[in-house]
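Keep the sequence and the coordinates side by side as you read.

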Amino acid sequence: ERQEAEFEFIAAAYSPDEAWVTNSVHAVGGYKLNQIHRHLDMPLDYDLSPSSSSSCVSVELILSLPKTYPTDENAILEIDASISTTSSSLDVPNSMSSTDLASFRKMAMGALPDLLR
């Protein structure tokens, strides 16, 4: 099956913490739903000193594949994105204030619609 070939490509091209495939049952239709998850780190424009490394917010893109994809040219792919809710989702310096952290999460949330286009 062509979807399986795409999943094999994902497994070969990315490490398991960069991209992975999940299978579930669609809540409404009851059919098998395959999703490709892709982990991205969104860099932030926050710099404490010239030598500090870039800070980032962890984002997860989720591509839901309908059961007829890729053979049906009219099949609609659903794309969603979210910010990780784990405490490690923000890779920022320890000296950053909680106000700065909240601002970065808000900036990342604001950028998600552009990322999905």
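Start at Asn34, which sits in strand E2; helices (H or I, at least four residues) and strands (E, at least two) are DSSP runs, numbered from the N terminus. This is a predicted model, in which local features need pLDDT of at least 70, side-chain atom pairs count only at pLDDT 80 or more, and totals for chains, interfaces and linings use all residues. Residues are numbered from 1 along each chain as its sequence is written, and side-chain values use heavy atoms, with hydrogens and water left out.

Is Asn34 buried or exposed? Asn34 is buried, because its relative accessible area is 5%. The cut-offs are these: buried is under 20% relative accessible area, exposed is over 50%, and partly exposed lies in between (1.4 Å probe, protein chains only). The side chain of Asn34 makes a polar contact of 2.6 Å with the side chain of Gln3. A polar contact is a pair of N or O atoms within 3.5 Å; within protein, one must be able to donate a hydrogen and the other to accept it, and residues adjacent in sequence count only if both atoms are side-chain atoms.

Which residues does Asn34 touch, leaving out those up to four places away in sequence? They are Gln3, Phe7, Thr22, Asn23, Leu63, Ser64 and Leu65. Contact here means heavy atoms within 4.5 Å. Asn34 and Ser64 are 30 residues apart in sequence, yet their C-alpha atoms are 6.0 Å apart in space.

Gln35 counts as buried because its relative accessibility is 17%. Beyond four places in sequence, Gln35 touches Trp20, Val21, Thr22, Ile62, Leu63 and Ser64. With Ser64 there is a side-chain to side-chain polar contact of 2.9 Å.

Now take the view from Ser64. This residue is in strand E3. Ser64 is buried, since its relative accessible area is 9%. Not counting residues up to four places away in sequence, Ser64 touches Leu33, Asn34 and Gln35, and also Leu77 and Glu78.

Lys32 is in strand E2 too. A nonpolar core is a set of buried Ala, Val, Leu, Ile, Met, Phe, Trp, Tyr and Cys residues joined through side-chain atoms within 4.5 Å. The largest has 8 residues: Met42, Val57, Val59, Leu61, Ala81, Ile83, Ala108 and Leu112. Strand E3 (55-65), strand E4 (78-83) and helix H2 (98-116) each give two or more residues to this core. E3 supplies the largest share, 3 residues. A second, separate core has 5 residues, including Phe7, Ile10, Ile36 and Leu65.

Turn to the loop between E3 and E4, where Pro70 lies. The peptide bond from Tyr69 to Pro70 is cis, with omega near 5 degrees. Glu1, in the segment before helix H1 (2-13), is 69 residues from Pro70 in sequence and 9.6 Å from Pro70 in space, C-alpha to C-alpha. Glu1 is exposed, because its relative accessible area is 72%.

Step back to the whole chain. The protein chain has 2 helices and 5 strands, in the order α-β-β-β-β-β-α from the N terminus. Of its 117 residues, 28% count as buried. Among contacts with a separation of 6 or more, 47% join residues 24 or more positions apart. The accessible surface is about 7,900 Å², with 53% belonging to carbon and sulfur atoms; such areas come from the Shrake-Rupley method with a 1.4 Å probe, and for residues only the protein chains shown count as cover.

Last, confidence. pLDDT is the predictor's confidence in each residue, from 0 to 100. The chain averages a pLDDT of 76, and 73% of the residues score at least 70. Among the elements, H1 has the highest mean pLDDT (89) and strand E5 (residues 90-91) the lowest (52). Over residues 48-52, pLDDT stays under 50, and the model has 3 contacts beyond four places in sequence for them. Where pLDDT is low, the predicted coordinates should not be read in detail.
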